[in-house]
Amino acid sequence: MRAKPEYRDRDDTEVAVLDALADRRDEGMTVFELRSRTEENIDRIEDALAALKADDLIEVEDNGERTVILPGEGVVGESLPDEDESILDQIRKRLPL
């Protein structure tokens, strides 16, 4: 999954963070998981997280054992179609049976 198009004009690191979070939107990710997923340095990730939090595009949950970051409501777009899937297959999926 990916962040919705309206959020893709942000800084590259912010978009990478949103895309990573979109893939794990239910369980969230730690800062270190984001670091390994985005391949950005920790300072850039922290700056991106601060900007995203200021714009209410992410949520932070602390369950006592670990702190996880989740995408905000409405940030995640539809899943991308499989590369092996044809246009016709994609249309068939969308048509009611």
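Trainee: Which residues form a nonpolar patch on the surface, and how much accessible area do they have together?

Mentor: In this predicted model, the nonpolar patch on the surface is formed by Ile-87, Ile-91 and Leu-95, which together have about 310 Å² of accessible area.

Trainee: Why is Ile-91 called partly exposed?

Mentor: Ile-91, which lies in helix α4, has a relative accessibility of 44%. Buried means under 20% and exposed means over 50%, with partly exposed in between, so Ile-91 at 44% counts as partly exposed.

Trainee: What makes Phe-32 exposed, and where is Phe-32 placed?

Mentor: The place of Phe-32 is in helix α2, and its relative accessible area is 66%. Because exposed means over 50%, the value of 66% puts Phe-32 in the exposed class.

Trainee: Which residues gather in a patch of negative charge on the surface?

Mentor: That patch of negative charge is made by Asp-56, Glu-59, Glu-61 and Glu-73. One of these residues, Glu-73, is found in the loop between β2 (67-71) and α4 (87-94), while another, Asp-56, lies in the loop between α3 and β1 (58-62).

Trainee: How do you know that Glu-73 and Asp-56 count as exposed?

Mentor: The relative accessibility of Glu-73 is 75%, and the relative accessible area of Asp-56 is 62%. Exposed means over 50%, and therefore both Glu-73 and Asp-56 are exposed.

Trainee: What is the phi of Asp-56 near, and what kind of residue has this positive value?

Mentor: Phi of Asp-56 is near 55 degrees, which is a positive value in a residue other than glycine. Most residues other than glycine have a negative phi.

Trainee: What is the phi of Glu-39 near, and where is Glu-39 found?

Mentor: Glu-39, again a residue other than glycine, has a positive phi near 60 degrees, and Glu-39 is found in the loop between α2 (31-38) and α3 (42-54). With a relative accessible area of 67%, Glu-39 is exposed, because the cut-off is over 50%.

Trainee: What makes α1 mostly covered?

Mentor: Of the 12 residues in α1, 9 are buried, and among them are Val-15, Val-17, Leu-18 and Leu-21. Buried means under 20% relative accessible area, so each of these buried residues of α1 falls under that cut-off.

Trainee: How many Å does helix α1 reach, and what span is expected?

Mentor: Helix α1 (residues 12-23) reaches 17 Å from its first C-alpha to its last, which is close to the 16 Å expected at 1.5 Å a residue.

Terms used: Residues are numbered from 1 along each chain as its sequence is written. This is a predicted model: local features need pLDDT of at least 70, side-chain atom pairs count only at pLDDT 80 or more; totals for chains, interfaces and linings use all residues. Side-chain values use heavy atoms; hydrogens and water are left out. Patches are made of residues with over 30% relative accessible area and no salt bridge: like charges are joined within 9 Å, nonpolar side chains (Val, Leu, Ile, Met, Phe, Trp, Tyr) within 5 Å. Accessible areas come from the Shrake-Rupley method with a 1.4 Å probe; for residues, only the protein chains shown count as cover. A salt bridge is a side-chain nitrogen of Lys or Arg within 4 Å of a carboxyl oxygen of Asp or Glu. Lys and Arg count as positive and Asp and Glu as negative; His and the chain ends are not counted. The place of a charge is taken as NZ of Lys, CZ of Arg, CG of Asp or CD of Glu. Helices (H or I, at least four residues) and strands (E, at least two) are DSSP runs, numbered from the N terminus. Buried means under 20% relative accessible area, exposed over 50%, partly exposed in between (1.4 Å probe, protein chains only). The expected span of a helix is 1.5 Å times one less than its number of residues.
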